[in-house]
Amino acid sequence: MNLRRTLRIFAAILFALACARQARAGAKHVFLFIGDGMGTAQRNASEIFMAGKRTADGDFSPRQSQLAMNSLPVAGEIGTGSLSGVTDSAAAGTALATGRKTKNGAVATDGDGAKFKSIAEIAHENGYKVGIVTSSFFEDATPAAFYAHSDSRGRRYEIGRQLPESGFEYFAGGGFSSPKGKDKKMRSLVEIAASKGYRVASTRAGFDSLSPGGRAISTSPGARAGYMPWAIDAAQNDISLAEFVKKGIDLLGGGSFFIMAEGGKIDLACHANDAATAIREVIALDEAVETALAFLAEHPDDTLIVVTSDHETGGMALSVAPDGKDAFYGAMSRQMGSYQRFESSVGQPGAKGFEGHLARARDFFGDGVTETGATRTALAMTATPKKDRPVKSAQYKKLYGPYDPFTTACVREMNARAGVTWSTFYHTGKRVAVSAAGAGAEAFAGEYENTEIFRKLLDAMGIGAAR
Ligand SMILES: [Zn+2]
(Lines give C-alpha, C1' and ligand atoms only; values in the text may rest on other atoms or scores of the structure.)
Protein backbone atom coordinates (compact mmCIF):
# COMPACT_ATOMS: atom_id res chain seq x y z
CA MET A 1 0.00 0.00 0.00
CA ASN A 2 2.81 2.41 0.90
CA LEU A 3 4.80 1.74 -2.22
CA ARG A 4 1.71 2.10 -4.39
CA ARG A 5 0.84 5.31 -2.65
CA THR A 6 4.37 6.60 -3.19
CA LEU A 7 4.35 5.74 -6.87
CA ARG A 8 0.93 7.27 -7.40
CA ILE A 9 1.90 10.50 -5.68
CA PHE A 10 5.19 10.60 -7.57
CA ALA A 11 3.46 10.13 -10.95
CA ALA A 12 0.94 12.79 -10.07
CA ILE A 13 3.67 15.26 -9.09
CA LEU A 14 5.44 14.76 -12.40
CA PHE A 15 2.23 15.49 -14.25
CA ALA A 16 1.47 18.41 -12.00
CA LEU A 17 4.87 19.96 -12.62
CA ALA A 18 4.42 19.48 -16.34
CA CYS A 19 1.08 21.24 -16.32
CA ALA A 20 2.19 24.00 -13.99
CA ARG A 21 4.81 24.91 -16.57
CA GLN A 22 2.23 25.25 -19.31
CA ALA A 23 0.51 28.06 -17.37
CA ARG A 24 -2.64 27.78 -19.39
CA ALA A 25 -6.00 29.16 -18.32
CA GLY A 26 -9.22 27.29 -18.84
CA ALA A 27 -9.22 24.53 -16.23
CA LYS A 28 -12.22 22.37 -16.98
CA HIS A 29 -11.95 20.07 -13.99
CA VAL A 30 -11.54 21.94 -10.75
CA PHE A 31 -11.16 20.50 -7.26
CA LEU A 32 -11.24 22.77 -4.22
CA PHE A 33 -10.40 20.92 -1.00
CA ILE A 34 -11.02 22.68 2.30
CA GLY A 35 -9.74 21.28 5.57
CA ASP A 36 -11.93 23.00 8.13
CA GLY A 37 -9.72 24.12 11.00
CA MET A 38 -6.63 22.69 9.27
CA GLY A 39 -3.59 24.83 10.02
CA THR A 40 0.01 24.04 9.13
CA ALA A 41 0.54 22.20 12.43
CA GLN A 42 -2.41 19.92 11.69
CA ARG A 43 -0.87 19.07 8.31
CA ASN A 44 2.58 18.58 9.84
CA ALA A 45 1.25 16.40 12.65
CA SER A 46 -0.42 14.17 10.05
CA GLU A 47 2.79 14.11 8.04
CA ILE A 48 4.79 12.99 11.08
CA PHE A 49 2.12 10.43 11.90
CA MET A 50 2.31 8.96 8.38
CA ALA A 51 6.11 8.82 8.60
CA GLY A 52 5.82 6.97 11.90
CA LYS A 53 3.32 4.56 10.41
CA ARG A 54 5.58 3.84 7.47
CA THR A 55 8.51 3.10 9.74
CA ALA A 56 6.31 0.93 11.95
CA ASP A 57 5.22 -0.94 8.82
CA GLY A 58 8.90 -1.59 7.97
CA ASP A 59 9.08 0.76 4.99
CA PHE A 60 12.33 2.73 5.18
CA SER A 61 12.45 4.03 1.57
CA PRO A 62 13.40 7.71 1.29
CA ARG A 63 10.41 9.91 0.85
CA GLN A 64 10.03 13.62 0.30
CA SER A 65 6.53 13.91 1.63
CA GLN A 66 4.05 11.68 3.39
CA LEU A 67 0.90 13.59 2.55
CA ALA A 68 -0.35 14.08 -1.00
CA MET A 69 -1.50 17.60 -0.16
CA ASN A 70 1.99 18.54 1.07
CA SER A 71 3.52 17.24 -2.16
CA LEU A 72 1.73 19.62 -4.57
CA PRO A 73 4.19 21.80 -6.51
CA VAL A 74 2.69 25.23 -5.75
CA ALA A 75 2.50 26.65 -2.22
CA GLY A 76 0.81 29.75 -0.90
CA GLU A 77 -0.57 31.15 2.32
CA ILE A 78 -3.75 33.06 3.08
CA GLY A 79 -4.97 35.44 5.74
CA THR A 80 -8.26 34.27 7.20
CA GLY A 81 -9.62 37.19 9.24
CA SER A 82 -13.25 38.20 8.81
CA LEU A 83 -14.97 41.55 9.38
CA SER A 84 -15.55 40.31 12.94
CA GLY A 85 -11.85 39.59 13.61
CA VAL A 86 -10.93 35.92 14.09
CA THR A 87 -13.16 34.18 11.61
CA ASP A 88 -15.79 31.49 11.94
CA SER A 89 -16.47 28.96 9.20
CA ALA A 90 -19.37 30.97 7.77
CA ALA A 91 -17.36 34.13 7.09
CA ALA A 92 -14.31 32.13 5.94
CA GLY A 93 -16.46 29.92 3.71
CA THR A 94 -18.00 33.08 2.26
CA ALA A 95 -14.56 34.55 1.56
CA LEU A 96 -13.35 31.42 -0.21
CA ALA A 97 -16.62 30.85 -2.08
CA THR A 98 -17.54 34.43 -3.03
CA GLY A 99 -14.40 36.55 -2.75
CA ARG A 100 -16.01 38.83 -0.16
CA LYS A 101 -15.16 39.42 3.47
CA THR A 102 -18.19 39.36 5.73
CA LYS A 103 -19.24 39.17 9.37
CA ASN A 104 -19.05 35.92 11.32
CA GLY A 105 -22.24 33.91 10.95
CA ALA A 106 -23.13 35.19 7.46
CA VAL A 107 -23.34 32.60 4.68
CA ALA A 108 -22.59 34.13 1.26
CA THR A 109 -24.26 37.40 2.27
CA ASP A 110 -23.13 40.65 3.90
CA GLY A 111 -25.10 39.67 7.00
CA ASP A 112 -27.74 42.29 6.14
CA GLY A 113 -29.56 40.75 3.22
CA ALA A 114 -27.21 41.37 0.29
CA LYS A 115 -26.27 38.11 -1.41
CA PHE A 116 -22.85 37.30 -2.84
CA LYS A 117 -22.65 34.89 -5.76
CA SER A 118 -20.40 31.88 -5.21
CA ILE A 119 -17.74 30.38 -7.43
CA ALA A 120 -19.88 27.22 -7.59
CA GLU A 121 -22.91 29.20 -8.81
CA ILE A 122 -20.82 31.05 -11.40
CA ALA A 123 -19.21 27.82 -12.57
CA HIS A 124 -22.67 26.23 -12.86
CA GLU A 125 -23.93 29.14 -14.98
CA ASN A 126 -20.91 28.60 -17.20
CA GLY A 127 -21.72 24.98 -17.91
CA TYR A 128 -19.73 23.29 -15.17
CA LYS A 129 -21.41 20.48 -13.29
CA VAL A 130 -21.04 21.06 -9.55
CA GLY A 131 -20.42 18.66 -6.69
CA ILE A 132 -20.41 19.58 -2.98
CA VAL A 133 -18.89 16.98 -0.66
CA THR A 134 -18.42 17.30 3.09
CA SER A 135 -17.82 15.06 6.08
CA SER A 136 -20.00 17.48 7.99
CA PHE A 137 -23.71 18.11 7.34
CA PHE A 138 -24.98 19.81 4.18
CA GLU A 139 -26.40 22.89 5.96
CA ASP A 140 -23.11 23.51 7.77
CA ALA A 141 -21.45 26.85 7.09
CA THR A 142 -18.64 25.77 4.74
CA PRO A 143 -20.66 23.76 2.19
CA ALA A 144 -23.60 26.19 2.55
CA ALA A 145 -21.45 29.15 1.43
CA PHE A 146 -21.15 27.46 -1.98
CA TYR A 147 -24.85 26.75 -2.67
CA ALA A 148 -26.95 28.91 -0.30
CA HIS A 149 -27.33 32.42 1.07
CA SER A 150 -28.35 33.28 4.60
CA ASP A 151 -27.63 36.09 7.03
CA SER A 152 -27.28 33.46 9.74
CA ARG A 153 -25.62 30.05 9.62
CA GLY A 154 -28.02 28.98 12.37
CA ARG A 155 -31.01 28.99 9.99
CA ARG A 156 -30.28 25.48 8.90
CA TYR A 157 -33.68 24.61 7.49
CA GLU A 158 -33.73 27.78 5.36
CA ILE A 159 -30.25 26.87 4.12
CA GLY A 160 -31.21 23.24 3.43
CA ARG A 161 -34.22 24.41 1.41
CA GLN A 162 -31.83 26.11 -0.99
CA LEU A 163 -29.89 22.92 -1.72
CA PRO A 164 -32.23 21.59 -4.45
CA GLU A 165 -32.80 25.16 -5.71
CA SER A 166 -29.11 25.37 -6.58
CA GLY A 167 -29.56 22.70 -9.23
CA PHE A 168 -26.05 21.44 -8.46
CA GLU A 169 -25.63 17.90 -9.69
CA TYR A 170 -24.10 16.17 -6.67
CA PHE A 171 -24.20 16.52 -2.90
CA ALA A 172 -22.47 13.96 -0.74
CA GLY A 173 -21.30 13.42 2.82
CA GLY A 174 -22.99 13.33 6.20
CA GLY A 175 -26.44 14.44 5.06
CA PHE A 176 -28.90 16.94 6.52
CA SER A 177 -28.44 17.65 10.25
CA SER A 178 -32.10 18.34 10.92
CA PRO A 179 -34.10 17.41 7.81
CA LYS A 180 -37.42 18.44 9.35
CA GLY A 181 -36.20 21.64 10.99
CA LYS A 182 -35.51 22.39 14.64
CA ASP A 183 -39.01 21.47 15.81
CA LYS A 184 -39.13 18.43 13.49
CA LYS A 185 -42.43 19.63 12.06
CA MET A 186 -41.35 20.86 8.63
CA ARG A 187 -41.50 18.93 5.40
CA SER A 188 -38.40 16.73 5.15
CA LEU A 189 -35.56 18.30 3.20
CA VAL A 190 -34.79 14.85 1.77
CA GLU A 191 -38.36 14.61 0.46
CA ILE A 192 -38.17 18.11 -1.02
CA ALA A 193 -34.90 17.31 -2.78
CA ALA A 194 -36.36 14.04 -4.12
CA SER A 195 -39.45 15.89 -5.40
CA LYS A 196 -37.10 18.23 -7.29
CA GLY A 197 -35.52 15.33 -9.10
CA TYR A 198 -32.61 14.32 -6.87
CA ARG A 199 -31.89 10.61 -6.51
CA VAL A 200 -31.14 10.02 -2.85
CA ALA A 201 -28.82 7.23 -1.73
CA SER A 202 -28.29 6.61 1.99
CA THR A 203 -26.86 3.08 1.97
CA ARG A 204 -23.68 1.47 0.63
CA ALA A 205 -25.73 -0.37 -2.02
CA GLY A 206 -27.46 2.86 -3.03
CA PHE A 207 -24.11 4.63 -3.26
CA ASP A 208 -22.61 1.83 -5.35
CA SER A 209 -25.49 1.87 -7.81
CA LEU A 210 -25.43 5.66 -8.44
CA SER A 211 -24.59 6.16 -12.11
CA PRO A 212 -24.08 9.27 -14.27
CA GLY A 213 -27.05 11.32 -15.43
CA GLY A 214 -29.35 13.58 -13.44
CA ARG A 215 -28.78 14.85 -9.94
CA ALA A 216 -27.87 12.89 -6.87
CA ILE A 217 -27.54 13.14 -3.11
CA SER A 218 -25.47 10.50 -1.36
CA THR A 219 -25.18 10.29 2.41
CA SER A 220 -23.07 8.24 4.77
CA PRO A 221 -24.80 5.11 6.15
CA GLY A 222 -23.02 5.62 9.48
CA ALA A 223 -23.91 9.31 9.77
CA ARG A 224 -25.21 10.77 13.03
CA ALA A 225 -27.00 14.13 13.06
CA GLY A 226 -25.67 14.72 9.56
CA TYR A 227 -22.03 14.08 10.42
CA MET A 228 -20.02 11.33 8.80
CA PRO A 229 -18.49 9.03 11.43
CA TRP A 230 -15.05 10.01 12.71
CA ALA A 231 -12.40 8.39 10.52
CA ILE A 232 -10.79 6.99 13.69
CA ASP A 233 -14.13 5.39 14.69
CA ALA A 234 -15.52 4.48 11.27
CA ALA A 235 -16.73 0.96 10.54
CA GLN A 236 -15.31 -0.98 7.60
CA ASN A 237 -18.40 -0.50 5.46
CA ASP A 238 -18.73 3.27 5.92
CA ILE A 239 -18.19 5.34 2.80
CA SER A 240 -15.02 7.43 3.01
CA LEU A 241 -14.59 11.03 1.94
CA ALA A 242 -12.29 9.77 -0.83
CA GLU A 243 -15.02 7.44 -2.10
CA PHE A 244 -17.53 10.29 -2.14
CA VAL A 245 -15.09 12.39 -4.19
CA LYS A 246 -14.35 9.49 -6.53
CA LYS A 247 -18.10 9.01 -7.06
CA GLY A 248 -18.39 12.72 -7.81
CA ILE A 249 -15.78 12.33 -10.54
CA ASP A 250 -17.66 9.31 -11.94
CA LEU A 251 -20.98 11.17 -11.95
CA LEU A 252 -19.79 14.56 -13.22
CA GLY A 253 -16.65 13.63 -15.11
CA GLY A 254 -17.93 13.64 -18.70
CA GLY A 255 -17.49 17.39 -19.16
CA SER A 256 -16.47 20.39 -17.08
CA PHE A 257 -16.95 20.12 -13.35
CA PHE A 258 -16.25 21.96 -10.11
CA ILE A 259 -16.02 19.88 -6.94
CA MET A 260 -15.68 21.40 -3.48
CA ALA A 261 -14.77 18.74 -0.91
CA GLU A 262 -14.49 19.59 2.76
CA GLY A 263 -12.81 17.74 5.61
CA GLY A 264 -15.39 19.24 7.94
CA LYS A 265 -14.54 17.47 11.17
CA ILE A 266 -10.85 18.37 11.49
CA ASP A 267 -12.22 21.54 13.06
CA LEU A 268 -14.36 19.66 15.59
CA ALA A 269 -11.52 17.43 16.71
CA CYS A 270 -9.28 20.49 17.13
CA HIS A 271 -11.96 22.33 19.09
CA ALA A 272 -11.81 19.37 21.47
CA ASN A 273 -7.97 19.42 21.35
CA ASP A 274 -7.94 15.77 20.23
CA ALA A 275 -4.89 15.41 17.97
CA ALA A 276 -5.19 11.69 17.21
CA THR A 277 -8.73 12.17 15.92
CA ALA A 278 -7.82 15.33 13.98
CA ILE A 279 -4.90 13.53 12.29
CA ARG A 280 -7.19 10.75 10.99
CA GLU A 281 -9.54 13.43 9.61
CA VAL A 282 -6.63 15.16 7.81
CA ILE A 283 -5.55 11.79 6.37
CA ALA A 284 -9.12 11.08 5.23
CA LEU A 285 -9.07 14.43 3.40
CA ASP A 286 -5.63 13.62 2.01
CA GLU A 287 -6.92 10.35 0.55
CA ALA A 288 -9.60 12.38 -1.21
CA VAL A 289 -6.84 14.65 -2.57
CA GLU A 290 -5.08 11.52 -3.87
CA THR A 291 -8.22 10.62 -5.79
CA ALA A 292 -8.10 14.02 -7.47
CA LEU A 293 -4.37 13.60 -8.18
CA ALA A 294 -5.10 10.32 -9.97
CA PHE A 295 -7.63 12.21 -12.10
CA LEU A 296 -5.07 14.96 -12.75
CA ALA A 297 -2.60 12.33 -13.94
CA GLU A 298 -5.15 11.24 -16.56
CA HIS A 299 -6.26 14.78 -17.48
CA PRO A 300 -3.11 16.87 -17.01
CA ASP A 301 -3.95 19.75 -19.36
CA ASP A 302 -7.20 20.98 -17.89
CA THR A 303 -7.40 19.82 -14.28
CA LEU A 304 -6.74 22.11 -11.31
CA ILE A 305 -6.44 21.02 -7.68
CA VAL A 306 -6.38 23.50 -4.81
CA VAL A 307 -6.10 22.44 -1.18
CA THR A 308 -6.57 24.97 1.58
CA SER A 309 -8.33 25.69 4.85
CA ASP A 310 -10.79 28.21 6.20
CA HIS A 311 -8.92 28.86 9.47
CA GLU A 312 -6.86 27.14 12.13
CA THR A 313 -8.54 25.70 15.22
CA GLY A 314 -7.04 25.11 18.64
CA GLY A 315 -3.69 26.89 18.30
CA MET A 316 -2.07 23.49 17.85
CA ALA A 317 1.69 23.34 18.48
CA LEU A 318 4.13 20.48 18.00
CA SER A 319 7.21 20.21 20.16
CA VAL A 320 9.68 17.62 21.35
CA ALA A 321 7.74 15.03 23.32
CA PRO A 322 8.62 14.85 27.04
CA ASP A 323 8.10 11.08 26.73
CA GLY A 324 10.82 10.65 24.09
CA LYS A 325 11.16 10.77 20.35
CA ASP A 326 8.80 7.92 19.56
CA ALA A 327 6.12 9.18 21.92
CA PHE A 328 4.25 11.12 19.27
CA TYR A 329 3.51 8.26 16.89
CA GLY A 330 3.21 5.83 19.78
CA ALA A 331 0.54 7.90 21.47
CA MET A 332 -1.32 8.98 18.33
CA SER A 333 -1.54 5.45 16.94
CA ARG A 334 -2.38 3.97 20.33
CA GLN A 335 -5.54 6.01 20.99
CA MET A 336 -8.52 3.74 20.36
CA GLY A 337 -11.14 6.22 19.20
CA SER A 338 -12.38 9.79 19.21
CA TYR A 339 -12.83 11.94 22.32
CA GLN A 340 -16.53 11.73 21.54
CA ARG A 341 -16.60 7.94 21.70
CA PHE A 342 -14.69 7.97 24.99
CA GLU A 343 -17.03 10.56 26.40
CA SER A 344 -20.23 8.83 25.34
CA SER A 345 -19.38 5.23 26.09
CA VAL A 346 -16.26 4.77 28.16
CA GLY A 347 -15.47 7.76 30.30
CA GLN A 348 -18.72 8.37 32.13
CA PRO A 349 -18.52 8.14 35.90
CA GLY A 350 -20.18 5.18 37.54
CA ALA A 351 -19.39 3.03 40.52
CA LYS A 352 -15.81 2.26 39.46
CA GLY A 353 -14.06 4.89 41.56
CA PHE A 354 -11.05 6.89 40.44
CA GLU A 355 -8.73 3.92 39.92
CA GLY A 356 -11.27 2.16 37.73
CA HIS A 357 -11.84 5.23 35.57
CA LEU A 358 -8.15 5.89 35.26
CA ALA A 359 -7.62 2.30 34.11
CA ARG A 360 -10.31 2.72 31.45
CA ALA A 361 -8.82 6.03 30.33
CA ARG A 362 -5.37 4.43 30.01
CA ASP A 363 -6.93 1.56 28.13
CA PHE A 364 -8.42 4.01 25.65
CA PHE A 365 -5.77 6.75 25.40
CA GLY A 366 -2.63 4.90 26.46
CA ASP A 367 -0.13 5.46 29.22
CA GLY A 368 0.10 9.19 28.50
CA VAL A 369 -2.82 9.52 30.88
CA THR A 370 -1.39 9.46 34.38
CA GLU A 371 -2.70 9.80 37.87
CA THR A 372 -2.35 13.51 38.46
CA GLY A 373 -4.34 15.92 40.52
CA ALA A 374 -5.65 17.28 37.24
CA THR A 375 -7.29 14.03 36.13
CA ARG A 376 -8.68 13.47 39.62
CA THR A 377 -10.21 16.97 39.77
CA ALA A 378 -11.57 16.56 36.25
CA LEU A 379 -13.27 13.27 37.07
CA ALA A 380 -14.86 14.84 40.14
CA MET A 381 -16.13 17.63 37.87
CA THR A 382 -17.53 15.14 35.35
CA ALA A 383 -19.32 13.41 38.21
CA THR A 384 -20.86 16.75 39.23
CA PRO A 385 -24.25 17.46 37.61
CA LYS A 386 -23.85 20.06 34.83
CA LYS A 387 -26.03 22.62 36.61
CA ASP A 388 -23.75 22.54 39.64
CA ARG A 389 -20.47 23.04 37.77
CA PRO A 390 -18.78 26.48 37.81
CA VAL A 391 -19.02 26.64 33.99
CA LYS A 392 -18.89 30.45 33.95
CA SER A 393 -15.62 30.72 35.85
CA ALA A 394 -12.54 31.64 33.84
CA GLN A 395 -10.62 28.73 35.34
CA TYR A 396 -13.27 26.17 34.34
CA LYS A 397 -13.46 27.58 30.79
CA LYS A 398 -9.69 27.47 30.44
CA LEU A 399 -9.48 23.86 31.61
CA TYR A 400 -12.48 22.30 29.94
CA GLY A 401 -14.16 24.79 27.59
CA PRO A 402 -17.58 23.40 26.66
CA TYR A 403 -16.35 19.77 26.90
CA ASP A 404 -16.61 16.88 29.30
CA PRO A 405 -13.99 17.61 32.00
CA PHE A 406 -12.56 14.09 32.45
CA THR A 407 -12.35 13.40 28.69
CA THR A 408 -10.69 16.76 28.11
CA ALA A 409 -8.17 16.32 30.92
CA CYS A 410 -7.21 12.88 29.57
CA VAL A 411 -6.91 14.08 25.96
CA ARG A 412 -4.87 17.13 26.88
CA GLU A 413 -2.52 15.26 29.19
CA MET A 414 -1.91 12.49 26.66
CA ASN A 415 -1.36 15.07 23.88
CA ALA A 416 1.09 17.10 25.98
CA ARG A 417 3.18 14.00 26.80
CA ALA A 418 3.36 13.33 23.06
CA GLY A 419 4.52 16.92 22.40
CA VAL A 420 1.21 18.32 21.20
CA THR A 421 -0.11 21.36 23.02
CA TRP A 422 -3.12 23.56 22.36
CA SER A 423 -3.71 27.19 23.23
CA THR A 424 -7.50 27.33 22.93
CA PHE A 425 -10.73 25.40 22.35
CA TYR A 426 -11.64 27.92 19.64
CA HIS A 427 -10.44 29.29 16.30
CA THR A 428 -7.22 31.24 15.93
CA GLY A 429 -6.13 34.02 13.59
CA LYS A 430 -3.23 32.01 12.14
CA ARG A 431 -2.65 32.14 8.40
CA VAL A 432 -3.24 28.82 6.62
CA ALA A 433 -1.55 27.04 3.75
CA VAL A 434 -2.66 26.78 0.13
CA SER A 435 -1.33 23.98 -2.08
CA ALA A 436 -2.08 23.67 -5.77
CA ALA A 437 -1.34 21.52 -8.78
CA GLY A 438 -2.39 21.44 -12.40
CA ALA A 439 -3.75 23.94 -14.91
CA GLY A 440 -3.32 27.48 -13.60
CA ALA A 441 -1.89 26.31 -10.27
CA GLU A 442 1.03 28.77 -10.32
CA ALA A 443 -1.36 31.66 -9.62
CA PHE A 444 -1.89 30.26 -6.14
CA ALA A 445 1.70 30.86 -5.02
CA GLY A 446 2.51 33.64 -2.55
CA GLU A 447 0.82 35.41 0.31
CA TYR A 448 -2.63 36.89 -0.04
CA GLU A 449 -6.07 37.03 1.57
CA ASN A 450 -8.60 34.18 1.46
CA THR A 451 -10.88 36.23 -0.81
CA GLU A 452 -8.29 35.90 -3.62
CA ILE A 453 -8.92 32.15 -3.87
CA PHE A 454 -12.28 32.97 -5.50
CA ARG A 455 -10.74 35.27 -8.12
CA LYS A 456 -7.82 32.96 -8.82
CA LEU A 457 -10.20 30.05 -9.38
CA LEU A 458 -12.32 32.09 -11.78
CA ASP A 459 -9.23 33.19 -13.70
CA ALA A 460 -7.94 29.62 -13.85
CA MET A 461 -11.28 28.50 -15.23
CA GLY A 462 -11.11 31.24 -17.84
CA ILE A 463 -14.40 32.79 -16.76
CA GLY A 464 -12.86 35.68 -14.88
CA ALA A 465 -13.84 38.20 -17.55
CA ALA A 466 -17.40 36.95 -17.80
CA ARG A 467 -18.45 37.70 -14.22
ZN1 LIG B 1 -14.86 25.61 14.27
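Guide: Gladly! Ring pairs join Phe138, Tyr147, Phe168, Phe171, Phe176 and Tyr198 into a cluster. This is a predicted model, in which local features need pLDDT of at least 70 and side-chain atom pairs count only at pLDDT 80 or more, while totals for chains, interfaces and linings use all residues. Residues are numbered from 1 along each chain as its sequence is written, and side-chain values use heavy atoms, leaving out hydrogens and water.

Visitor: Why is the pair of Tyr147 and Phe171 called edge-to-face?

Guide: Rings of Phe, Tyr and Trp (its six-membered ring) pair if their centres lie within 6.5 Å; planes under 30 degrees apart count as stacked, over 60 as edge-to-face and the rest as tilted. The centres of Tyr147 and Phe171 are 5.3 Å apart and their planes stand at 85°, so the pair is edge-to-face.

Visitor: How do you know that Asp267 is buried?

Guide: Buried means under 20% relative accessible area, exposed over 50%, partly exposed in between (1.4 Å probe, protein chains only). Asp267 has 8% relative accessibility, so Asp267 counts as buried. His271, at 13%, is buried too.

Visitor: What makes Lys265 sit over the ring of Trp230?

Guide: A charge sits over a ring if NZ of Lys or CZ of Arg is within 6 Å of the ring centre and within 35 degrees of the ring normal. The charged end of Lys265 is 4.0 Å from the centre of the Trp230 ring and sits over it. Likewise, Arg100 lies over the face of Phe116, 4.2 Å from the ring centre.
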